[in-house]
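Take a look at the fold below. Keep it in view while you read.

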Amino acid sequence: MEKRLNNENSAVYKMIATVEELDGKRVLMYGIEGRNKDERISVSSLTDDKERIRRLVDMLNDGGFELCHLKDAVNDFLYETYGICVK
């Protein structure tokens, strides 16, 4: 069940999945989509670890994060998971 928007600036987040080809193999990759009343932002192919993305989605939804914070959350996720810094 999708959460309702808490206030005008709240966003709702969900996991998205895509199939990517890596080194000749098909891999199911997971990302995140966030939306509020005015816009929708998707970041695909972050990881093949479904549970990690599920925890990130839950944290964003439970914390009432605004959509403008998605980029920072994704950057933190990539750094904590893979040691990657994205500007």
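What follows is a short walk through the sheet, the helices, a pocket and the salt bridges.

This is a predicted model. Strands of a sheet pair through backbone hydrogen bonds, and the pairing is either parallel or antiparallel.

Now go through the pairs. Strand 1 and strand 2 are joined in the antiparallel sense over 11 bridges. Here Lys 14 stands opposite Glu 33 in strand 2. These two strands also form a hairpin, with two residues between them. Asp 23 sits in the turn and has a positive phi of about 50 degrees.

Five bridges join strand 2 to strand 3, and the two run antiparallel. Gly 34 has Ile 41 in strand 3 as its bridge partner.

Turn to a pocket. Which helices each supply at least two residues of the lining of the second largest pocket? Helix 1 and helix 2 do. Helix 2 gives the most, with five residues. The lining residues include Arg 52, Arg 55, Leu 56 and Met 59. Also among them are Ala 73, Asp 76, Phe 77, Glu 80 and Thr 81. About 150 Å³ of space lies in this second largest pocket.

Finish with the charged side chains. How many salt bridges does the count come to? The count is four. Begin with Glu 33 and Arg 40, whose side chains meet at 3.1 Å, N to O. This pair counts as a salt bridge because the cut-off is 4 Å between a side-chain nitrogen of Lys or Arg and a carboxyl oxygen of Asp or Glu. Are the two partners buried or exposed? Glu 33 counts as buried, because its relative accessibility is 10%. Arg 40 counts as exposed, because its relative accessibility is 52%. Lys 14 joins in as well: Lys 14, Glu 33 and Arg 40 are linked in a network of salt bridges. Recall that Lys 14 stands opposite Glu 33 across the strand pairing.

Another salt bridge joins the side chains of Asp 49 and Arg 52, at 3.4 Å, N to O. Asp 49 has 28% relative accessibility, so it counts as partly exposed. Arg 52 is partly exposed too, with a relative accessible area of 31%. Arg 52 also lines the second largest pocket.

One more salt bridge links Glu 51 and Arg 54, whose side chains meet at 3.6 Å, N to O. Where do these residues sit along helix 1 (residues 50-63)? They are three residues apart, so about one helical turn separates them. Glu 51 is partly exposed, with a relative accessible area of 39%. Arg 54 counts as partly exposed, because its relative accessibility is 33%.

Conventions: Residues are numbered from 1 along each chain as its sequence is written. This is a predicted model: local features need pLDDT of at least 70, side-chain atom pairs count only at pLDDT 80 or more; totals for chains, interfaces and linings use all residues. Side-chain values use heavy atoms; hydrogens and water are left out. Buried means under 20% relative accessible area, exposed over 50%, partly exposed in between (1.4 Å probe, protein chains only). Helices (H or I, at least four residues) and strands (E, at least two) are DSSP runs, numbered from the N terminus. Two strands pair if DSSP finds at least two bridges between them. On a 1 Å grid over the protein atoms alone, a cavity is a set of points where a 1.4 Å probe fits but cannot get out, and a pocket is an open set with protein on both sides within 12 Å along at least five of seven lines; lining residues have an atom within 4 Å of a point. Grid points are joined across faces, edges and corners, and a volume is the space filled by probe spheres set on the points.
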